[in-house]
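Okay, everyone, thanks for making time today. Let me put the model up on the screen, and then I'll walk you through a few parts of it.

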Amino acid sequence: MEVCNCIEPQWPADELLMKYQYISDFFIAIAYFSIPLELIYFVKKSAVFPYRWVLVQFGAFIVLCGATHLINLWTFTTHSRTVALVMTTAKVLTAVVSCATALMLVHIIPDLLSVKTRELFLKNKAAELDREMGLIRTQEETGRHVRMLTHEIRSTLDRHTILKTTLVELGRTLALEECALWMPTRTGLELQLSYTLRQQHPVEYTVPIQLPVINQVFGTSRAVKISPNSPVARLRPVSGKYMLGEVVAVRVPLLHLSNFQINDWPELSTKRYALMVLMLPSDSARQWHVHELELVEVVADQVAVALSHAAILEESMRARDLLMEQNVALDLARREAETAIRARNDFLAVMNHEMRTPMHAIIALSSLLQETELTPEQRLMVETILKSSNLLATLMNDVLDLSRLEDGSLQLELGTFNLHTLFREILNLIKPIAVVKKLPITLNLAPDLPEFVVGDEKRLMQIILNIVGNAVKFSKQGSISVTALVTKSDTRAPDFFVVPTGSHFYLRVKVKDLGAGINPQDIPKLFTKFAQTQSLATRSSGGSGLGLAISKRFVNLMEGNIWIESDGLGKGCTAIFDVKLGISNESKQLGIPKAQANPRHANFAGLKVLVMDENGVSRMVTKGLLVHLGCDVTTVSSSEECLRVMSHEHKVVFMDVCMPGVENYQIALRIHEKFTKRHQRPLLVALTGNTDKSTKEKCMSFGLDGVLLKPVSLDNMRNVLSDLLEHRVLYEAM
């Protein structure tokens, strides 16, 4: 008997149920087999997946389950033992894989839970990042508004425009219902409503500055929320309003200017503030945000900066206007001073010309009269007239020198001269007066004193003569000493420093007398023009008070210094001055005395001289001097007559050119045209009373051979003719 390996069913199967199970197992197998394919596709496409091996296990479990359901299709009918073994193997493998997967899930689930936690954490961080980005965007928006407001505010430096622009821009940016600015009054005790956003001409009413709400705002630099019903916020009508909008206030520092005092910076006062009040629209739920408050605070600071700039600009504009007014006043004063100087110079020029003509007559006639036979009494009177005339002429020269020193037109005439000879000549001039007063004079020249120097000989002689003359004038007894030496760099001098060089040195001259002396408090007055001390000696000795004033200016012009020392009345005084001179290397032949180099002619018998002068008195006086010297003199009163009378026999022509204008010099050109050869032409000498430098320059440019300054004495005329005939040129220092 054959053995059957088939499994016999325990109960008969329902055909319909079996059919449905068969179909279901088929579709379950298909679903189980498709899921691993999808998992494989997911794993391959996933870049990062931490549990690949779990998915492999899970895929194997699903495949085995599908295989089980698929094999189960053959169990619904009679089947062989092989099918049973395969079915059993599939189920065993499915059980093993399913248990392994379950055990692995026990370990995986905590990890999956931690991943979920991290996912939640990352979500929270992302939310915070979103909030921070929102804040950054808000800050950027606020910054954009601040830059825009700053640009609008600082586009002008007018204070009223700045404040009005601030309110308008804040109202537009923050959508405000009202914005106002309260400014402190002059007393500083109240705040006054000065600017509003909606009202073109706000009612200027005030509130006390000591209100608690104002003190609260002024006490901090932050924007402060205040009550809509506070006195500074009652700026809008409340009728029909259900709820007033929120109000904030912020202080605006003001710059207080108190002139420009220290290092050109104004004095700052941080106790003065303005109050800015900002109101949100009424009947709205809108509230102030943090970024809006920050915007208000920044704008308040920018307004303070702009107002400070505007205040500084206003102060500088006022200073500029004041400076312009002062400059206009100074320019007007300068013009008036220049007009006064020109008027003074014109007056001095006219007076110089008008006074020198009669002085010329007085001195010339007195010197002629002195040459005649006179009784002792007459001679004394003539000498007195001559001395007084010379004194008056000296005074005129001093006034003119002082005028030119003050207006800066006087310049030094530098030249090489013998310094030792200069001192000896001065001593020879002073000695006759000193002998009369029985005052011995001594001259001390230092061994190292240079003999030949470069400087203004005439001005230096005038300084020394003034000082030595004063010593003789104010001394009734005692002696006078004149000392000249080279000033050393370590020599004492008040407020003056000696800096000698290789080409220059400083000459120091000391004139000491034992005369009347001077009160120490009167010494500063000595160098003031027309000023005299109150001592009896000064009063009784006369003088104009110009000598020392002119000497001081001459010394300053020579880059030196002058001062006087005295122990008091009756103790004498010492006058000291330093002047800068150049060192000369020229030949010592320059030092030959004039008395030896230029021998004087006793008379000029037969010398034909032509005198042209419009003034009859001056013409007569000049002729008298020349006739007394033995000259054959012809006089004319006009240039036409001069040209008609002039001949080759005339050796010298004296021409009066005192009147202003160039036409007086034209005759010199016409004489040059008449006498083409120099040895045939007479010597042309200008006789003038003008001491300005332009007269000398005009004479030289028009070809004149010399200039003679009025007044002229007999001795002066004799010396002039001698020099003229010997050198054929004569130009006195003017």
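So, the confidence to begin with: the mean pLDDT of the chain is 76, and 75% of its residues reach 70 or more. If that word is new to you, pLDDT is the predictor's confidence in each residue, on a scale from 0 to 100. This is a predicted model, so to speak about local features we need pLDDT of at least 70, and side-chain atom pairs count only at pLDDT 80 or more, while totals for chains, interfaces and linings use all residues. Residues are numbered from 1 along each chain as its sequence is written, and side-chain values use heavy atoms, with hydrogens and water left out.

Now a sheet. Six strands make an open sheet with antiparallel pairing, in the order β3-β2-β1-β8-β5-β4. Helices (H or I, at least four residues) and strands (E, at least two) are DSSP runs, numbered from the N terminus, and two strands pair if DSSP finds at least two bridges between them. At the edges stand β3 (206-208) and β4 (224-226), each with a single partner strand, so one side of each has no neighbour in the sheet. From one strand to the next, the twist averages 35 degrees. Angles here run from 0 to 180 degrees between N-to-C directions, and axes are lines fitted to C-alpha atoms, for helices over the stretch in contact.

Look at β2, residues 190-196: it pairs with β3 in the antiparallel sense over three bridges. In that pairing, E190 has P208 of β3 as its bridge partner. Packing on the sheet is helix α4 (residues 159-174), which touches β1 (178-184), β2 and β8 (273-279), and its direction makes about 65 degrees with that of β2.

Next stop, β13, residues 504-513. Is it mostly covered or mostly open? Mostly covered, with seven of its ten residues buried; buried means under 20% relative accessible area, exposed over 50%, and partly exposed in between, using a 1.4 Å probe and protein chains only. Strand β12 (residues 480-486) pairs antiparallel with β13 over seven bridges, and there S481 stands opposite K512. Strand β15 (residues 573-583) is also antiparallel to β13, joined by ten bridges, with K510 opposite I576.

Helix α11 (residues 547-557) has buried residues too, among them L548, I550 and F554. Just after α11, E559 takes a positive phi of about 60 degrees.

Last, a loop. D613 sits between β16 (608-612) and α13 (616-628). Leaving out residues up to four places away in sequence, D613 touches S618, R619, V636, S637, D656 and K710.

That's my tour, so please ask away.

Notes
Contact means heavy atoms within 4.5 Å.
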